[in-house]
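Hi,

Here is the structure I promised to pass on.

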Amino acid sequence: MKNPTEPQHTAEQRLHDLKITLPPAQSPFGAYVETVQTGNLLFLTGMLPVVGRELKFVGRVGGELTAEDGRKAAYAAALTSLAVVKEHLGSLDRVTRIVRLGVFIATSGDFREHPKVADGASELLESVFGKDKTSTRIVLGMASLPLGAPIELELIFEVAP
Amino acid sequence: MKNPTEPQHTAEQRLHDLKITLPPAQSPFGAYVETVQTGNLLFLTGMLPVVGRELKFVGRVGGELTAEDGRKAAYAAALTSLAVVKEHLGSLDRVTRIVRLGVFIATSGDFREHPKVADGASELLESVFGKDKTSTRIVLGMASLPLGAPIELELIFEVAP
Amino acid sequence: MKNPTEPQHTAEQRLHDLKITLPPAQSPFGAYVETVQTGNLLFLTGMLPVVGRELKFVGRVGGELTAEDGRKAAYAAALTSLAVVKEHLGSLDRVTRIVRLGVFIATSGDFREHPKVADGASELLESVFGKDKTSTRIVLGMASLPLGAPIELELIFEVAP
């Protein structure tokens with residue numbers, strides 16, 4: 001029986017084992033591009049919980065949306081990120097490390113459960129890339145996000161030459 | 001007739017063709033420096049829409065300021081960034097890629113037109129450096145910014161050795 | 001008499017001269033790690049003003065907390081950062097440059113004294129690493145931060161191979 005967390009499994013194999021289907025890659029809403037690679041660092045544009053150009057979640061966490069909604073939106077944005085990385089690199093297996101994950105959450109009032117929301121993105125990335133490629137993390141509560149999104153992700157990857 | 005977007009044009013030539021005059025470079029408001037280069041990456045301090053030490057715009061976008069004001073403030077902060085890069089590198093032509101542009105916007109209420117505001121910075125950078133050097137972008141709505149500024153920019157450049 | 005800012009002093013010597021005792025290194029609140037090194041860049045997870053897993057400050061600057069409280073919280077988070085760097089590198093003397101310091105401040109209302117708060121972190125880092133290793137800085141006012149913290153720090157260091 002296969003264990004998706006065993007080290008010999010690659011990110012592409014885990015994606016298959018976990019029966020995860022990637023959405024279309026996010027496309028720009030302005031004068032910028034989705035990825036820039038410099039040396040072995042791959043920077044991504046801020047990733048929203050979109051399918052194509054349509055937001056799947058709108059509102060503030062702790063306001064219109066619960067922490068659980070926020071967690072699902074973080075998962076959706078992380079899924080979009082995987083699609084963008086795959087489009088840029090051809091294969092997720094070229095990722096050697098997730099350097100940084102930033103989780104920016106539009107929040108209302110005295111919301112404090114940011115780590116729970118952010119784990120929606122972290123756990124997906126860890127299940128696909130494995131514990132040995134796990135990132136640092138910066139989690140912040142924002143006043144607002146583009147188009148009314150509840151979540152935006154920052155991602156920097158280290159990639160094989 | 002000259003076309004400022006033709007590939008043989010350099011950033012310095014485009015700046016000249018577009019008749020853009022750079023303001024003085026921003027100077028620090030505390031115990032930090034405006035630029036750090038590590039390898040071929042150049043990191044900038046958060047850039048505000050200042051001339052010298054004086055803010056040209058104060059307030060929140062969606063509150064005291066309109067999206068169009070925010071767009072002009074983003075343009076002003078991008079112009080200051082060019083001045084800082086030129087002071088550090090000697091010539092803008094040493095920039096080989098804009099790796100990341102972060103546009104942080106002080107917002108009120110339910111403001112959602114972040115991409116329109118951020119384009120004020122993106123479009124200036126693209127007109128000077130050309131489409132082939134265009135950056136990734138992270139756009140966020142903040143509760144407040146230093147000194148009451150409506151805009152702060154994050155910039156990471158790739159530079160020739 | 002020793003002068004802790006003379007160039008021959010190393011970060012470890014200055015830490016000793018300044019009689020600074022490091023707290024325990026922060027440990028993760030979720031599915032991430034505290035540090036990732038890629039090439040000669042060391043990225044840290046967002047640093048909170050914690051001792052162990054307990055926040056030493058809670059609230060918003062300009063609301064429940066004054067700018068002076070915020071400054072102390074920024075100092076506390078910077079101290080935690082030093083502990084994390086030391087745990088990762090073995091010695092602070094392996095730091096060749098602070099590339100970027102981000103100071104994210106949970107703020108209320110029309111707070112504008114962000115630079116004063118951020119200096120609580122910048123001044124500690126400068127007193128330990130020396131002026132020649134001083135960072136760029138990004139300072140932002142947030143709607144909220146994880147667990148109700150008033151301060152979160154972003155840090156990227158350049159380290160010797």
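This is a predicted model: local features need pLDDT of at least 70, side-chain atom pairs count only at pLDDT 80 or more; totals for chains, interfaces and linings use all residues.

Residues are numbered from 1 along each chain as its sequence is written, chains are lettered from A and ligands numbered from 1 in the order in which they are written, and side-chain values use heavy atoms, with hydrogens and water left out.

First, the interface. Chain C gives 30 residues and chain A gives 29 residues to the contact (heavy atoms within 4.5 Å). Together they bury about 2200 Å², with 59% of it on carbon and sulfur atoms; buried area is the accessible area (1.4 Å probe) that two parts lose on being put together, summed over both. C:Ala31, C:Val36 and C:Phe43 supply 23% of the area that chain C buries against chain A, more than any other three residues.

The rule finds 2 salt bridges across this interface (a side-chain nitrogen of Lys or Arg within 4 Å of a carboxyl oxygen of Asp or Glu). C:Arg60 forms a salt bridge with A:Asp110, with the closest N and O atoms 3.2 Å apart.

Then the helices (DSSP runs of H or I, at least four residues, numbered from the N terminus). In chain A, the axes of H2 (residues 67-89) and H3 (residues 114-129) come within 7 Å and cross at roughly 35 degrees; axes are lines fitted to C-alpha atoms over the stretch in contact, and angles run from 0 to 180 degrees between N-to-C directions.

Best wishes

Notes:
Helices (H or I, at least four residues) and strands (E, at least two) are DSSP runs, numbered from the N terminus.
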